[in-house]
Every structure is written in C-alpha cells, then in structure tokens.
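I'm jotting down what I looked up, one spot at a time.

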Amino acid sequence: EARNNFNESARKLFVPQKELNDAIRIFGLHEASGRVREKDHPLAHRQVELKKYPALVSRPVPADRAEIKQWTRCGPMQAVDEMFAAIVQANPHLRPRVGNPDEMKSNRLLKTLELLKFRVTAPEQGIPEDVQGAVITALNEEAVAGAAFGNKGGINLIATYEAFGMKMAGLARQEIIFANDLKQTNGKAPGWLSIPLLLTSHTWENAKNERSHQDPAMAECMLGELSDTSRVIFAADYNTASAVTREVYRTHGQIWTLVIPKYWSVPELFSIEEAQQLVREGAMKLEWAGFNNDNPELIITAIGAYQLEQALMASSRLKEKEIAHSVVYVLEPGRFRIPRSEGERAHQAPAALQSRLYPESAAGRIFACHTRPAAILGLMQPHNTGGKRTIGLGFTGQGGTLTTPGLLFVNKCTWAHVAEAAAGVLNRTREELLSQEEIEALDGKRSPENVIIQSLKWIRSGEGV
C-alpha cells in the first residue's frame, strides 16, 4: 500500500524530458531578450573597497610589562568604537549599517552611536535618533544581523551580548557557507567587505544577569566553520582590538567573530606594532614574559584577554620558582588546527612559526581559554600533547552573579589554577608552587578573596585599578 501511494504521487510529479528541454531552452534565451545571466550580473561581481584607511588608534604600553604593578588598563571596545567611527567618516561613499539588538552605550559604542544614530520613525529630542539613522536596533538578533548582512554594497558591523550571539548563528552560517562556496567555485572571495560580529558584554564579565548571559557557544560554533571564511578572534587589549578592527575592512567575503571585553580593567600589553604582527601571524610568544623561555619545560597558552592576565600572573609565580616556561597568546585559534580544506591550508599559520611557539622539547602544555576548554583542545590538536601533559582551563558552565575574578575562580581559571595545572603537568607537588593558604582557597576551605582574587570594587565601578 505504501509503495502504491508513493508511485501514484511520484507519477504526478513526472515531467517528460522534452518539456524539461523546452523549459531550459526558454530560460536560456538571454542574448535574444537582453537579459543578463545571474552569474554575469553586476551585483555578483562588485568589489567594495575603502578609499581611505585611517591611522590606527593606539595607546602606549608600560616600559616593563613583566612587572605586573606597571600595567595600565583600558577597555578594548573603546578601540573598536574609535576605529569603526574613523573608517566610516573617512569613507562616505559607503553606506554604513550597524546591527544592534542590545545596549549600544553599555557595549561602549559611544562614538559610533553619536555618528550614525538609531533609525526611528519619530526621533526624540536629545536622543541620538534619526529617520535616516544607520544603527538598526530591535530585540530580534537575527533581524538586526540581517540588516548588516544585507548591506553588501556598504560597510557593516554587528554587536551583541555574547550569550545572544547564538540567535544569529543560523544566519551567520548561511553567509559563511555561501561565501565559501563562491570562493571555491570562482577561485576568489566575494567582493563585499568582510563583516565583524562583535561578541562583547561577554561570558566573563556579565555579573548582573547570571548564567543566561554567560555562554561562549557562539565563538565555539563559528570555530567549527572553515577558518579561512569564518575567522574567530580573541582581542587581548586596546591595541589588538584597534589592529583587528581595521584589518577586517581590508578583507572581503569573510565573517569575523570578534570576542572583545568591554570593561576598562583589561591590561594594555601589546604595542601597536606587536598587535599588527599578532593579526598577521595569529599568535605570538611574549618574549618579555616567562623564564628561560628559549628552552621551556612548559608552554602556557592564553586565548582571551582575562585569561592572558591570569596566565601572566601564574607566569610570575613560576618565574619566582625558576621553572623554565614560555607564555604564548593565540589571537586566532583557527589558524593552528589541522586544515580541512585548501582554503584553511593557505590560511594556516606557517609551520616555522608553529614550531617556534610550540617546540617538541616542551611537552608540558596549559591552555587557558575564553571558551570551554574541550573546544580549544580539540581544535588545536597539533599542539595538544595529550594525557597528563596537556591541561585545558576555561569556562566549565559555572556562573552566577559574580564579578570577573569570581567567575574565573568558580570556573577554575585563575592564576592559581594555572599554577596548580603547571604542577600537574610537570610532576611537581602543589606545595612547590603555592602557599598553604592558597591551596586551602583552591580546595574550598577558605575564601579566595585577597588570597587568590583581589578586591572586586574596580570591576563593579567599571574603572581601572
């Protein structure tokens, strides 16, 4: 009975070959009708370019970055805001679109909002609103992302709280898949300017909204796509955010997922020249950090701004104990995976750089990650020495109304947890690296406040220490 139903239905759908051929012939009469084939349409071949590239905004770094007390601090989102506004102003021939489902001011896009204004039907006096505003705001993540993705002839930016980036995942994936298919077919990327998807107010700094706002899944999702089209970046500080923002608009046909802190409490650690090198190469060994870092026993890799700070604090303790180690910052993890396509192979970090960052003689590896650690340990498989020699630290699903240091502690990602992991991979005891008081805090026998994590007032006020 099922077979008969199928055959009867299929018979209704059957089209004789002659009718198909006639239809193909009619649809193919482009020359006679003057109709341009879709593949030859100007929209399929436009090449959108900036006419002017503004100078990078930058801030100085301390003369002695190895000395933690010398660190200065600033919010990386300020650099994104300043660079994007400058690029838009320098290129008035491009129509700007900002997709924004969240609070622009909370996300530190102040100059962008002042310049472009919310698009509304009835502007209110004293509020940055205009009927021709370029900031498209609605409590619908996919809709506002669509406003940017649809503006292929202009310049675009999408900003959202990290946890709600997942609501844009389906649309972003379709853009990535279509762009990658075009590149594989035509041998070059589509001509629209690459689009940054900013994930800010992120997992490690969303204290007031608890676990509903603490989720790195969007970055993990985008890391799953082909890395030469879906570029996932973890900006470390103000200067790296500046260099990354300008670099986005030097490329075409890519979606850049930018994970960027908004708080002012992030240390300024990379010079603007180092930031540009970091963007070019994807990762960098911090020559001024570590101990005997040309012949390390252990390599500490940080992926994420807050994780870098904790890695450097742990490094300071290891230096005191004269344990040979190096510190590496990975800005773009997708360039260190096993390539899955020719495009990824071409985008991969050079083998010489990877060997320099991860010499085989240093089998001890610790990865301190913004994301869930398993995602990075799998992605960076070539540098995962396995077993007890590699440990991943990162988001473990623990959250709540906690400040950044508190979130780092409950997810076992503080400097003390890095030091504890170092003891494990080097077959040392915790007592060799940590005080009894610190061990008791790690074991939940005393408060970590002022033992492992310091006063939290600065994070609540949004100011630097």
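This is a predicted model: local features need pLDDT of at least 70, side-chain atom pairs count only at pLDDT 80 or more; totals for chains, interfaces and linings use all residues.

Which residues does Ser-227 touch, not counting residues up to four places away in sequence? I found Glu-332, Gly-334, Arg-337, Arg-340, Glu-344 and His-347, where contact means heavy atoms within 4.5 Å.

Residues are numbered from 1 along each chain as its sequence is written, and side-chain values use heavy atoms, with hydrogens and water left out.

**Ser-227**

I placed Ser-227 in the loop between helix 9 (217-223) and strand 7 (230-234). Helices (H or I, at least four residues) and strands (E, at least two) are DSSP runs, numbered from the N terminus. Ser-227 counts as buried, at 4% relative accessibility. Buried means under 20% relative accessible area, exposed over 50%, and partly exposed in between (1.4 Å probe, protein chains only).

Next I checked its side chain, which makes a polar contact with the side chain of Arg-337 at 2.8 Å. The Ser-227 side chain also reaches the backbone oxygen of Gly-334 at 3.5 Å. (A polar contact is a pair of N or O atoms within 3.5 Å; within protein, one must be able to donate a hydrogen and the other to accept it, and residues adjacent in sequence count only if both atoms are side-chain atoms.)

**Asp-81**

I found Asp-81 in helix 5 (residues 76-90). Asp-81 is buried yet has no salt bridge, and the nearest side chain of opposite charge, Lys-111, is 6.4 Å away. A salt bridge needs a side-chain nitrogen of Lys or Arg within 4 Å of a carboxyl oxygen of Asp or Glu. For charge, Lys and Arg count as positive and Asp and Glu as negative; His and the chain ends are not counted. What does the side chain of Asp-81 reach at 3.1 Å? I got the backbone nitrogen of Leu-110.

**Aromatic pairs**

I looked up the aromatic pairs and the structure holds 4. Phe-84 and Tyr-249 have ring centres 6.1 Å apart and planes at 40°, so this pair is tilted. Rings of Phe, Tyr and Trp (its six-membered ring) pair if their centres lie within 6.5 Å; planes under 30 degrees apart count as stacked, over 60 as edge-to-face and the rest as tilted. Phe-84 lies in helix 5 and Tyr-249 in the loop between helix 10 (238-248) and strand 8 (255-259), so the pair ties together parts 165 residues apart in sequence. Tyr-358 and Phe-367 form a stacked pair, 6.3 Å centre to centre with 25° between the planes.
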